[in-house]
Amino acid sequence: MAYAYDDQNIFAKILRGEIPNTTVLETEHTLAFRDIEPQAPVHVLIIPKGAYVSYDHFAATASDAEIIDYTRAIAKVCEIEGVKPDSAEGYRLISNAGVHGVQDVPHLHVHILGGRRMGRMVPPAT
Ligand code: 5GP
């Protein structure tokens, strides 16, 4: 079954400029912005500009240029936010997908969380 992309999702609206965001970094294929409900002192969402639902969708079908741009943008955001573990205290990168992953917004995003020590990687479902 092919992925169905809903172009009315909130991140698609952010990409079209219909909803404001606090941008951390913008590149040719990627946008990074602050989460509206931060779970840690650093909480940045990094999304590709293309219509991809999840990481596996992106990894399987995006162009090499998009994948390189997106991956490098993740590194740049870690640098901008001062969370790289070689020089600071590190971060957690999360990308939720689908129902079991408890993904709320169906446009690929990775969360970069830092600035405090995280809890257990996978807490019990509530
Ligand atoms: P998910 O559960 O899909 O992995 O995470 C979606 C994230 O998007 C949540 O952390 C939520 O706070 C964030 N979010 C939802 N709506 C908006 C919005 O309009 N603007 C921003 N900046 N973040 C949002």
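Guide: The lining of the largest pocket is made up of 18 nonpolar, 12 polar and seven charged residues (Ala, Val, Leu, Ile, Met, Phe, Trp, Tyr, Cys and Pro count as nonpolar, Asp, Glu, Lys and Arg as charged, the others, Gly among them, as polar). Please keep in mind that this is a predicted model, where local features need pLDDT of at least 70, side-chain atom pairs count only at pLDDT 80 or more, and totals for chains, interfaces and linings use all residues. Residues are numbered from 1 along each chain as its sequence is written, and side-chain values use heavy atoms, leaving out hydrogens and water.

The pocket holds about 1200 Å³ of space (the volume filled by probe spheres set on grid points joined across faces, edges and corners). Among its 37 lining residues, Gln39, Asn96, Val102, Asp104 and His111 are the closest to its centre. A pocket here is an open set of points on a 1 Å grid over the protein atoms alone, where a 1.4 Å probe fits, with protein on both sides within 12 Å along at least five of seven lines; lining residues have an atom within 4 Å of a point.

Helix 1 gives the largest share of the lining, three residues. At least two residues each come from helix 1, strand 2, strand 3 (42-48), strand 4 (91-94) and strand 5 (110-114) (DSSP runs of H or I, at least four residues, or E, at least two, numbered from the N terminus).

The ligand sits in this pocket (more than half of its atoms lie within 2 Å of the grid points). Around the ligand are 16 residues, with Asp35, Asn96, Asp104, His109 and His111 the closest (a heavy atom within 4 Å counts as near). This shell has eight nonpolar, four polar and four charged residues, and helix 1 gives the most, three.

Now for polar contacts (N or O pairs within 3.5 Å). Side-chain atoms of Asn96 and His111 each lie 2.8 Å from a ligand oxygen, while a backbone N or O atom of Ile36 is 3.3 Å from a ligand nitrogen. The protein covers 85% of the 520 Å² of accessible area that the ligand has on its own (Shrake-Rupley method, 1.4 Å probe).

Definitions and conventions
Polar contact = N/O pair within 3.5 Å; in protein donor to acceptor, adjacent residues only side chain to side chain.
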